[in-house]
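Subject: Handover of the model and notes

Hello,

Here is the structure we talked about. My notes follow it.

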Amino acid sequence: VVSKQIRYFDDESSSDSTSRAEPVTMPTFDEDSADSIVSDRYVVVSGTSEKILEHLLNDLTLDEDQGTTQNTLLDDFLLTYPVFMSTSDLCQALREALERKRKVLHLVSHWMALCKDFLREDEHVKLFVKTLCRYVLDDLYEHPALEKDVRELQKLYQLHRRHTTGEFSPQRKSRALFHQFSLKENGLQSRGTHRETKEALCHVYITMNSYLCMRVHARLLAQELLQAVAERMDVPQGDLALVAVTYPGGRLLLQPKDRVFSDSSRPIGRLHVCRKDLGEILNPFIDNSELQQRTARMLSLNTWDVAVALTNFDWTIFDSVHEQELIYFTFSRHSSSNHTAALELLLQRCNEVQLWVMTEVLLCPTLCKRVQLIKKFIKIAAHCKAQRNLNCFFAIIMGLNTAAVSRLSQTWEKIPGKFKKLFSELETVTDPSLNHKAYRESFKKMKAPKIPFLPLLLKDITFIHEGNKTFHDNLVNFEKLHMIADTVRFIRQCQKDHMEVRAYIDYLHVIDNQQTLFELSHRLEPRA
Amino acid sequence: MPEQSNDYRVVVFGAGGVGKSSLVLRFVKGTFRDTYIPTVEDTYRQVISCDKSVCTLQITDTTGSHQFPAMQRLSISKGHAFILVYSITSKQSLEELKPIYQQVLAIKGNVEAIPIMLVGNKSDETQREVETKDGEAQANQWKCAFMETSAKTNHNVTELFQELLNLDKKRNMSLNIDGKRSGKQSRAERLKGKCSVM
C-alpha cells in the first residue's frame with residue numbers, strides 16, 4: 001500500500017539540495033513495524049496534517065531518551081501546528097487517535113510542557129485534557145503502570161485549572177534535582193505573579209505629540225495614574241486631570257475611581273493628562289528651566305545602573321515571550337489575537353527606547369550638556385551589549401543614528417575621539433549589510449542568556465513565510481515549518497539559563513564551620 | 001568586515017506592511033532560487049554587469065519593528081541607490097516616507113546624482129488611497145523616479161531594479177551579465193505606461 005499523503009527525503013542526501021528534486025514516497029507504516037528504523041534515516045518533508053500526526057504517534061517511543069530526530073519533529077509539529085491546523089482541529093484529531101492512549105498521553109504532555117500557559121485559556125484544550133484524564137483514570141485499575149502518567153496528567157490538569165505554570169520542558173528534566181526544584185519554585189513565582197497581575201505599557205499623552213510610557217497593571221485607576229504622572233513630571237497632582245479621547249472630538253473626563261483599561265486590557269481611548277484648566281503641562285519648545293532639570297536628572301544617573309534597569313525590564317518581558325508568539329505574529333498579523341502580547345510589548349519597548357534617546361538629546365538646549373548626554377547614551381549602549389541585551393542596544397544606537405540626532409554636527413564634533421571610536425564600533429554591529437551579518441556573527445558568539453534584536457527575527461520568519469509555500473499540492477510543506485520552528489526555537493536558546501543563575505544564587509550551599517573549611521584547605525594543599 | 005569595493009548597494013525603505021519584504025523577495029527569488037533561506041547573506045546579492053565588468057548588487061532591507069521603520073545612518077551613508085516604498089492602499093505609508101527622504105537628504109547632502117525610486121507597491125489592489133498622479137507629483141517634488149509595482153503579481157519588479165540601475169549616470173549597469181544590454185530606447189518603449197522617470 002503506497003500512500004501519497006506523506007513524503008520523506010533521505011536524511012543523508014538532504015544536505016545536498018540537488019537531490020531534493022526527487023521526492024521519495026514511502027509506504028505508510030503499521031504500528032510498531034519498521035518505522036522506527038526509517039525515522040532515523042528520513043526526514044518528513046510534507047504530508048497532510050492527519051498523516052503527520054499519525055506518523056508522529058506511530059513513531060513516538062515512550063522512552064525518556066528518544067532519538068533527537070524524533071524529538072525535533074515532535075517539537076516542530078507542536079510549535080508550528082497553528083500554521084496549518086487550529087488547536088480545536090488538533091484536539092479533535094487527538095481525540096480520534098485515543099485508541100492509542102499512551103502515545104496520545106505522551107504527546108499531550110510534551111505539548112503542555114512546550115506551550116505552558118499558552119493554552120490555558122483554550123476551551124478545546126481544557127475539554128480534551130478532561131476527556132483524556134478520564135480515559136486514563138478508567139484504565140488505572142487494570143494497568144497500575146499508568147499511575148505515573150495519571151499523576152503527570154493530573155498535575156497538568158491541576159495546572160490547567162489553577163492557572164499557574166510549571167517547568168516540565170524535556171530539556172530541563174535531565175538536570176540536577178536541586179536545580180530543577182529551585183528553578184521550578186522561582187519560575188512559578190515570577191511567571192505566576194506576572195500573569196496574575198497582567199501588566200501593560202500605558203501611553204499617557206502629556207502634549208499632543210509626546211507621551212509618558214508607563215508600566216502599569218491592568219486594573220489601574222485614574223487617580224493612581226494621575227499620581228504617577230504627577231510624580232514623574234513634578235507637578236502637583238491636584239492640578240491634573242485625565243482625559244480619554246474616545247473618537248475624534250470625543251472627550252471623556254475620567255473620575256478618580258474610574259478604571260483606565262476596559263476589560264479587554266485596552267485603554268478606553270487615547271489618554272491625555274492636562275492641567276484642570278485644560279492647559280498643557282509642558283511645552284517642549286518653551287519651558288527652559290524644566291528642560292534643564294530634565295537633562296540634569298538624566299545626567300546624574302549612573303550609566304551601568306541605567307543599562308541594568310533597562311535590561312531587567314526587558315528580561316521580565318522577554319522571559320514571558322513564547323516561541324509560538326512569533327508564529328502568530330507573522331501568520332495572523334492583522335487579526336488582533338491575544339497570543340502575541342509579550343512580543344508586542346517588547347517591540348513597543350524597542351521603539352520607545354529609540355524615541356527616548358532622541359527625545360532626551362533633542363530636548364537638551366545646551367551644547368555641552370548635549371555632548372554629555374550623547375556620551376552617556378553611547379556608554380549605556382555599550383553596557384547593554386555587555387549585558388547581552390541586543391534589543392535595547394539596537395534601540396539606543398538607532399536612536400542616536402536617526403537624522404534628527406546625527407545631523408547635530410556641532411554636538412558630534414565635541415564628542416571626544418575615544419567615544420566616537422566606541423560609537424562607530426557599536427554602530428558597525430548594527431550595520432544591516434549582508435543581511436545583518438555583523439550582528440548575526442557577534443550574537444552567535446555570545447553565551448545565553450541573551451536578548452536578541454527581535455525585529456530581525458521577525459523579518460527572518462516573514463521571509464521564510466513569504467518565500468516558501470505552506471502547502472505543496474495540499475500537503476503541508478514540513479521543510480518550511482522546520483525552518484520556522486528552527487528560527488523560533490532560537491528564542492528558547494536565548495532564554496536558556498536565565499533563571500539558572502538566579503536559582504543558583506538564591507540557594508547558596510555553604511559550609512559554616514571554620515574548622516571544616518580549614519581541614520578542607522589542608523587537604524587540598526597540605527602544610528609543608 | 002572587509003569592504004568590497006565593487007559592491008553596488010541598493011537600500012529599501014518603507015513603513016511596515018507596504019510589502020518591502022515581498023518586493024525584495026520577488027526580485028531575489030525571481031533571480032535566485034526556489035527555497036528561500038533568509039539567514040544566508042548571499043541570497044541578498046546578485047552579480048550584475050557594470051561598466052563592461054561585473055559587480056555585486058547588494059540589497060539592504062532595513063529592519064525595524066513594524067510600527068516604526070528604523071532608519072540606519074550607516075545603511076544610508078553606505079548606500080548607492082534607494083528604493084522608497086509605499087502602498088497605494090495607504091496614504092499614511094506615503095506620509096511616512098517623508099522623514100525617510102529627509103534622512104537620506106540630510107545624510108547624502110545632495111540627492112540629485114543619487115538614484116532614488118519612489119515605488120507605489122500593491123498596484124493590484126483595488127482599494128486605492130493614493131492615485132498614480134499623487135505618487136508622480138511626490139516624485140516630481142523629490143526629483144526622483146517613480147514606478148508602481150505589484151510584488152503579488154510580479155508586475156514591474158525586475159523593471160524596478162533595472163530602471164534603478166539605469167538611473168545611475170556614473171556607471172553603466174545591467175541585471176544581465178551576458179553584456180548584451182538591450183538599448184535604452186527599446187527598454188523605454190517596453191516600460192511605457194508602467195514607469196515614468198522624472
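Predicted model: local features only at pLDDT ≥ 70, side-chain atom pairs only at ≥ 80, totals over all residues.

Residues are numbered from 1 along each chain as its sequence is written, chains are lettered from A and ligands numbered from 1 in the order in which they are written, and side-chain values use heavy atoms, with hydrogens and water left out.

**Salt bridges within chain A**

Over all chains, the structure holds 14 salt bridges. One of them pairs Asp75(A) with Arg492(A), at 3.1 Å from N to O. Asp75(A) sits in helix α4 (residues 68-84) and Arg492(A) in helix α23 (residues 478-495), so this pair ties together parts of chain A that are 417 residues apart in sequence. Helices here are DSSP runs (H or I, at least four residues), as are strands (E, at least two), numbered from the N terminus. Asp75(A) and Arg492(A) are both buried. Buried means under 20% relative accessible area, exposed over 50%, and partly exposed in between (1.4 Å probe, protein chains only).

Arg294(A) and Glu360(A) form another salt bridge, at 3.2 Å from N to O. Arg294(A) is in helix α12 (residues 288-300) and Glu360(A) in helix α15 (residues 341-362), so the pair links parts of chain A that are 66 residues apart in sequence. Arg294(A) is partly exposed, at 24% relative accessible area. Glu360(A) is buried, at 5%.

**Between the chains**

Which residues form a salt bridge with a closest N to O distance of 2.8 Å? They are Asp431(A) and Lys78(B). Asp431(A) lies in the loop between α20 (417-429) and α21 (433-445) of chain A, and Lys78(B) in helix α2 of chain B, so the pair joins two chains. Asp431(A) is buried, with 1% relative accessibility. Lys78(B) is partly exposed, at 25%. There is also a network: salt bridges with shared partners connect Asp75(A), Asp76(A), Glu323(A), Asp486(A), Arg489(A) and Arg492(A).

The rule finds one salt bridge across the interface of chain B and chain A.

**A charge without a partner**

Arg370(A) lies in helix α16 (residues 367-386) of chain A. Arg370(A) is buried yet has no salt bridge. The nearest side chain of opposite charge, Glu413(A), is 11 Å away. Lys and Arg count as positive and Asp and Glu as negative; His and the chain ends are not counted. Leaving out residues up to four places away in sequence, Arg370(A) touches Val361(A), Cys364(A), Pro365(A), Leu408(A) and Thr411(A).

Best wishes

Conventions
Salt bridge = Lys/Arg side-chain N within 4 Å of Asp/Glu carboxyl O. Contact = heavy atoms within 4.5 Å.
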